[in-house]
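Subject: Structure handover

Hi,

Here is the structure I promised to pass on.

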Amino acid sequence: MNTITEERAPHRSRPALGQQRTFRGVRAQATGHPQLTSHRGRPPSAYSAVSLFSGCGGLDFGAEQTGRIKTIWAIDNDPAAVRTYRHNLGDHIWQMDIAEVEFPDVPADILLAGPPCQDFSSLWNHDGAKTSRGNLFREIARFLDQRHPKAFVVENVPGLMSANRGEAWLLVRHALRSPSRFLYDSPGPRYEISAELVDFADLGVPQHRPRLVVMGIRSDLGVRPPAIPRPTADAHVVVAKALDSIPIPDDAPNHDIGSDSDVVIERLKLIGPGENYRVIPPDHPLAVKGLISHVYRRLNPDRPAYTIIASGGGGTHGYHHREPRRLSNRERARLQTFPDSFIFHGAERRSNYAQVRRQIGNAVPPEAGRVIVDALVDALRRAGVRGTLAREIEQSRRLVARLATRQQSA
Ligand SMILES: C[S@@+](CC[C@H](N)C(=O)[O-])C[C@H]1O[C@@H](n2cnc3c(N)ncnc32)[C@H](O)[C@@H]1O
């Protein structure tokens, strides 16, 4: 059965309640145990996922590493990130402005979403929910209102909780708990939500990366969102393990080095591992005036890295612990737990330093995604919440990929 509708209606007009296109037919067929392999003779199934603001696919890749989730449809408007996603995860991603898209009617047990966080990040200004980017949260509510997934995972920066003096978080929380009430002041699905501040270093990522993770489970299922486990809270993975235990070959993809000027190299030679620009005396010819401690900060091999960021000019690239140079994108990818086989693309060429840096810095580290989604899937399974038939998932993915190709060439 093909549950995807190809026509696009203006999404602002909400379908009347009870007349929304649903995947009821799919649900009726989904009789299997939620695993990709068959169980006691039942047909194989998994939890189907839809991914919004998918970027290069960090969260989706991590979710799929659980072996119990398959992403059917994904969307992002960054052409470079979409190229990377296609290369590593599949053709089921659409390159579009989410505000312009009519969500396809595909099986969606779980929603994965990592909306842009720049407006809530403590490194930038705090315009939060007032900006159009901050308002992209409404698109998550629109999906929940239309498609009623059983559960969701939304990742963002902790600054979301304090932006606009806490107003932004009140809005987002309302949007995630009661999306239909939030958008249209009308009845619709409700979600039990949890919100946890997590340092991804506690989840096996060789990097301190404090993030806000919101999980939701549809209230009618009667399941509480699980606590996020902290498997490495007492044994962080350190930089030396991530970067030195298996050396990166010089010709590894996305491993461009040697982009620093002579002045920067000389400056870095004055800064030891784990130190920053502040160790250079102010009267030294190579001294710099910085405001934040991550300027010209070199990694400490015995600790997790500091947060890998997506952009920023001189002094903010993140600097190697043994060599006086900025990190390569492959090194950043390792600190974000992407395997070396995960290749990043620029918009036009494979090696486009700034575009690739942005994708990596924006991503949810796959290992963190795996741990979080695994906990959610465990909770759903324990409660007997069923997924989607594997053959239904494969069929939908193939159709979405065909439509993506058509959309791309349109
Ligand atoms: C924080 S990143 C997501 C990272 C992703 N979750 C991952 O793990 O790799 C946010 C993404 O939202 C995308 N984005 C921003 N505005 C958008 C829009 N209007 N429509 C679609 N995607 C958008 C950006 O291109 C960016 O890739």
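Helices here are DSSP runs of H or I with at least four residues, strands are E runs of at least two, and both are numbered from the N terminus. Residue numbers start from 1 along each chain as its sequence is written. Keep in mind that this is a predicted model, where local features need pLDDT of at least 70 and side-chain atom pairs count only at pLDDT 80 or more, while totals for chains, interfaces and linings use all residues.

Overall picture first. The protein has twelve helices and eight strands. For contacts I used C-beta atoms, placed from the backbone, within 7 Å. Among contacts with a separation of 6 or more, 69% come from residues 24 or more positions apart.

Next, the core. A nonpolar core is a set of buried Ala, Val, Leu, Ile, Met, Phe, Trp, Tyr and Cys residues joined through C-beta atoms within 7 Å. The largest one holds 92 residues, and A49, L52, L111, I140 and V153 have the most contacts inside it. Helix α11 (residues 366-382) gives the most to this core, with seven residues. Leaving out residues up to four places away in sequence, A49 touches A63, I69, K70, T71, I72, A108, D109, I110 and L112.

L111 is the bridge partner of V50 and of F152 in β5. In a regular strand the side chains alternate between the two faces of the sheet. In β4, I110 and L112 point one way and L111 and A113 the other, and all are buried.

- α2 is largely enclosed by the rest of the structure, because seven of its eight residues are buried. The cover over those buried residues includes β1 (45-52), β2, α3 (79-88), β4 (110-113), β5 (151-156) and α11. After α2 comes G67, with a positive phi near 75°.
- α4 (residues 137-147) has eleven of eleven residues buried, so it too is largely enclosed by the rest of the structure. Its buried residues pack against β1, β4, β5, α5 (167-177) and α6 (179-184).

Now the ligand. There are 22 residues around it, and G55, G58, D78, G114 and A363 come nearest; a residue is near if its C-beta atom, placed from the backbone, lies within 6 Å. α2 (58-65) and β2 (69-76) each supply at least two residues of that shell. By class the shell has twelve nonpolar, seven polar and three charged residues. Nonpolar covers Ala, Val, Leu, Ile, Met, Phe, Trp, Tyr, Cys and Pro, charged covers Asp, Glu, Lys and Arg, and the others, Gly among them, are polar.

Last, a loop residue. F344 is found between α9 (329-335) and α10 (353-362). Why does F344 count as buried? Because it has 28 C-beta neighbours inside 10 Å. The residues F344 touches include C56, T84, N254 and I360. F344 and N88 are 256 residues apart in sequence, yet 8.5 Å apart C-alpha to C-alpha.

Cheers

Definitions and conventions. Contact = placed C-beta atoms within 7 Å. Buried ≥ 20, exposed ≤ 12 C-beta atoms within 10 Å, placed from the backbone. Pairing = 2+ DSSP bridges.
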